[in-house]
Amino acid sequence: MTIHFEYSKPQVIQALRYHFITRPEIRIMLILVNVFAAASILLYALGKVTAVAFLVSSFLWVMLMVSFWFIMPGLVYRRSETFQHAFSMRFEKDDFTLAHERGERSWPWSSLAEFKESPNFFHLYFDTRSFFLVPKSGCKDSDEIQELRHLLRDNIKK
């Protein structure tokens with residue numbers, strides 16, 4: 001199976017958000033910050049903390065959410081040349097190959113640790129920090145997306 005694709009900036013930004021939000025350490029931090037925000041609202045309502053303390057905690061919560069939703073995905077997108085190229089990706093029995101105008105590279109299926117699926121992409125993870133986004137838009141139709149999904153499930157052992 002071979003697919004051809006280019007990246008769409010809004011879709012890549014959304015996929016990067018998905019990547020960040022699904023990381024366990026970030027998820028735990030977001031939960032703790034939201035619990036802290038809820039506690040600060042409650043304590044302010046009960047008169048236990050001043051308005052300044054409540055506003056500072058609210059500002060910190062907003063800044064954290066803005067950084068995960070806008071700043072981090074934007075920085076990764078701008079720093080990565082990958083999203084500016086057109087690619088062909090060939091999936092075979094023993095390996096998969098990524099090619100563009102500057103060359104190509106093959107990896108055995110065993111080099112992938114896991115894959116995740118978001119609305120517009122398959123996220124192929126080599127390790128917890130290194131991954132590759134494969135756009136579903138590179139597939140011709142929903143049958144080819146389903147075929148790729150089964151191929152990834154069969155070849156990537158968690």
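Predicted model: local features only at pLDDT ≥ 70, side-chain atom pairs only at ≥ 80, totals over all residues.

Mentor: Let's talk about confidence, then the sheet, the helices and the salt bridges.

Trainee: Where is confidence lowest, and where is it highest?
Mentor: Helix α3, residues 51-79, has the lowest confidence, with a mean of 89. At the other end is strand β6, residues 121-125, at 96.

Trainee: On to the sheet. In what order do the strands of the open sheet come?
Mentor: There are 4 strands in that open sheet, ordered β1-β2-β3-β4, and the pairing is antiparallel.

Trainee: Which strands stand at the edges?
Mentor: Those are β1 (2-5) and β4 (103-108). Each has a single partner strand, so one side of each is left without a neighbour in the sheet.

Trainee: And how much are neighbouring strands turned against each other?
Mentor: By 15° on average, ignoring direction.

Trainee: How many bridges join β2 to β3?
Mentor: Strand β2 (residues 87-91) and strand β3 (residues 95-100) are joined by 4 bridges and run antiparallel.

Trainee: How many salt bridges does the structure hold?
Mentor: It holds 8. As background, side chains of opposite charge can pair when their charged atoms come close.

Trainee: What does Glu-117 form a salt bridge with?
Mentor: With Lys-136, and the closest N and O atoms are 2.6 Å apart. This pair links distant parts of the chain, 19 residues apart: Glu-117 sits in strand β5 (residues 114-117), and Lys-136 in the loop between β7 (131-135) and α4 (142-155).

Trainee: Is Lys-136 buried or exposed?
Mentor: Lys-136 is buried, with a relative accessible area of 12%. Glu-117 is partly exposed, at 28%.

Trainee: Which residues are linked in a network of salt bridges?
Mentor: Arg-23, Glu-25 and Arg-129. Within that group, the closest N and O atoms of Glu-25 and Arg-23 are 4.0 Å apart. Arg-23 counts as buried because its relative accessibility is 7%, while Glu-25 counts as partly exposed at 37%.

Trainee: Now helix α2. How far apart are its end C-alpha atoms?
Mentor: They are 32 Å apart, which agrees with the 32 Å that its 22 residues (24-45) should span at 1.5 Å a residue.

Trainee: Which residues of α2 are buried?
Mentor: Ile-26, Leu-30, Val-33, Ala-37 and Ser-40. Seen down the axis of α2, they fall within an arc of 85°, so they line one face of the helix.

Trainee: And what is exposed on the other side of α2?
Mentor: There you find Ile-28, Ile-31, Leu-32, Val-35 and Leu-42.

Trainee: Last one: what about the buried residues of α4?
Mentor: They are Glu-144, Ile-145, Leu-148, Arg-149 and Leu-152. Viewed down the axis of α4, they fall within an arc of 145°, so they line one face of the helix. Asp-143 and Asp-154 are exposed on the other side of α4.

Note on methods. Residues numbered from 1 in each chain as written. Heavy atoms only, no water. Pairing = 2+ DSSP bridges. Helix = DSSP H or I, 4+ residues; strand = E, 2+ residues; numbered from the N terminus. Axes fitted to C-alpha atoms, helices over the stretch in contact; angles between N-to-C directions. pLDDT = per-residue confidence, 0-100. Salt bridge = Lys/Arg side-chain N within 4 Å of Asp/Glu carboxyl O. Buried < 20%, exposed > 50% of the residue type's maximum accessible area, 1.4 Å probe, protein only. Expected span 1.5 Å × (residues − 1). Arc of directions from axis to C-beta.
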